[in-house]
Amino acid sequence: MRKDLGVKPAVYPMPVLMIATYDENGVVDVMNAAWGMICDMDKITLSLTETHKTVKNIKLNKAFTVSLADVKNVKEADFFGIASGNTMADKFERSGMTATKSDKVNAPIIEEFPITMECELAEIIDTDNVYSIIGKIVNVSAHEEILDEKGRVDIEKAGILMFDQFRAGYYVTGEKVGQAWNSGKELM
């Protein structure tokens with residue numbers, strides 16, 4: 001038996017993305033966003049509200065970074081989602097985290113987060129139904145301790161957070177349960 005739940009953003013899991021920018025004075029701003037995804041091999045789309053300080057900064061600098069939040073930094077990641085850079089000038093400073101300037105784009109890399117995509121602004125889509133920032137990924141960097149013997153990200157080591165929109169919870173990635181492009185072969 002099924003029960004109607006009404007209209008909900010019923011996708012699970014959602015990412016816990018940390019979008020980092022500089023403002024007009026070079027001050028670091030970071031926001032937590034779940035509504036983002038890869039939209040091509042070298043592009044990411046972020047569905048944001050135009051009034052976010054982060055969006056203003058992206059328009060100004062034509063660049064941003066997107067990091068994947070991890071379990072070690074869940075407190076800071078959540079803080080970046082509940083505090084607004086529009087009203088809290090020292091938001092990043094309060095987090096106690098460390099930022100270094102990307103040498104690829106005019107945006108900060110938050111050192112504590114394990115995986116970061118450095119992005120140039122490719123396009124803004126503004127229609128009646130969506131406001132999206134499209135970024136061209138020019139580099140991805142990761143902490144060495146989460147890489148496997150072949151230099152690939154080992155998601156089990158990374159402890160990447162996932163967001164559950166049904167119960168507003170954070171969860172961590174974990175056990176591998178299948179191999180992509182292989183687990184369904186017997187049904188071919």
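**View 1. The largest nonpolar core of the predicted model comprises 22 residues.** A nonpolar core is a set of buried Ala, Val, Leu, Ile, Met, Phe, Trp, Tyr and Cys residues joined through side-chain atoms within 4.5 Å; buried means under 20% relative accessible area, calculated with a 1.4 Å probe on protein chains only. Ile19, Ile44, Leu46, Leu48, Phe64, Val66 and Ile133 have the most contacts inside this core. Two or more residues each come from β2 (17-22), β3 (28-33), β5 (43-47), α1 (53-61), β6 (63-68), β9 (115-126) and β10 (131-142), with helices (H or I, at least four residues) and strands (E, at least two) taken as DSSP runs numbered from the N terminus. The largest share, four residues, is that of β9. A second, separate core has 20 residues, including Val16, Val30, Phe79 and Phe113.

This is a predicted model in which local features need pLDDT of at least 70 and side-chain atom pairs count only at pLDDT 80 or more, whereas totals for chains, interfaces and linings use all residues. Residues are numbered from 1 along each chain as its sequence is written, and side-chain values use heavy atoms, with hydrogens and water left out.

**View 2. Helix α1 contains buried residues, among them Val55 and Ile58.** Lys53, Thr54, Asn57 and Asn61 of α1 are also buried. The buried residues of the helix pack against β2, β3, β6, β9 and β10. Just after α1, Lys62 adopts a positive phi of about 60 degrees.

**View 3. Three strands form an open sheet in the order β1-β11-β12.** Pairing, which requires that DSSP finds at least two bridges between two strands, is antiparallel in this sheet. The edge strands, β1 (14-15) and β12 (169-172), each pair on one side only. Four bridges join β11 (residues 161-164) to β12, and Asp164 stands opposite Gly169 in β12.

Technical notes. Buried < 20%, exposed > 50% of the residue type's maximum accessible area, 1.4 Å probe, protein only. Contact = heavy atoms within 4.5 Å.
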